[in-house]
Amino acid sequence: MSFFRFRPNFSCMMRINLILILLLAATLNRANGQDTIAKQPANSAYKYWTAKLPLLNILDLSCPNLMLGAERRLDKHNAVQLLGGISRDQYGSETAGGGSVVNGYRLKGEYRRYFHVKRNFAFYAAAEVFYTRYRHYTSDSFISTGSGVHYNDKYYLHKNMWGADVKWGLQRMIGQHFMFEVFAGLGFKSKTVTQTNRSAPSDAAVPKHVVDINLYSIANELGIYTTIAMPVNFVIGYKFR
């Protein structure tokens, strides 16, 4: 009886191993592709636009303003936001020469980082830069240089302000589209404050009592200086899918 002996061929085994490696690589690549496809809906759920309306700006005591903005959510944790608006002079009907009640504008840009993200709410930290320019019609008491008499004068107060701040806030969804958020922050703003239309620009203002804390006078102090910015607001919005 004769027996056939199987003698392995080295080149044949190399080809088989190569084929097995290619099949394994193709299988892993397909599995990875399926995982990527499975993750796409989760990532796309956070890519949307939100139109926003800050409400407390309308109640600004010195210069009420209407601002509108848009937030672009980039992914689950990152977003950018732009806001712009116009200011209204609350004494517009009294302005010299019957000027327009629209007296300035405001611009803001922001990057925010979300954390503790849940289905209906999330906390966030944000870094913001802003620029504000407006004028408003006001009045104050002055001392006449010639006679020393105190008198009241109306004039324009001009303000140019720029600065930056950091904010902490909470965003809450209501249903599929509506949302609100609240935030508070701390930063700085550089102010340039000037006057025009004074009857006698060289006359000094009547000194304020040291014991009085007049926030209005502090906010309208003339010159170029830097102060603290403490933004606080309540915002409503509508999310677009």
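Is glutamate 110 buried or exposed? I looked this up and found glutamate 110 at 5% relative accessibility, which counts as buried (under 20% relative accessible area, exposed being over 50% and partly exposed in between, with a 1.4 Å probe and protein chains only).

I note that the model is predicted, that local features need pLDDT of at least 70 and side-chain atom pairs count only at pLDDT 80 or more, while totals for chains, interfaces and linings use all residues. Residues are numbered from 1 along each chain as its sequence is written, and side-chain values use heavy atoms, with hydrogens and water left out.

Next I looked up the salt bridges (a side-chain nitrogen of Lys or Arg within 4 Å of a carboxyl oxygen of Asp or Glu), of which the structure holds eight. Glutamate 110 pairs with arginine 112, their closest N and O atoms being 2.7 Å apart, and arginine 112 is buried at a relative accessible area of 0%. Glutamate 110 also meets lysine 167 at 2.6 Å, N to O; lysine 167 is buried too, with a relative accessible area of 2%. I then followed the shared partners and found one network that joins Lys52, Glu71, Glu110, Arg112, Glu128, Lys167 and Glu181.

Within that list I checked lysine 52 and glutamate 71, whose side chains form a salt bridge at 2.6 Å, N to O. Lysine 52 is buried, its relative accessible area being 4%, and glutamate 71 counts as buried at 2% relative accessibility.

Last, I looked up the contacts of tyrosine 114 (heavy atoms within 4.5 Å): not counting residues up to four places away in sequence, tyrosine 114 touches residues including Glu71, Arg73, Ala79 and Tyr124.
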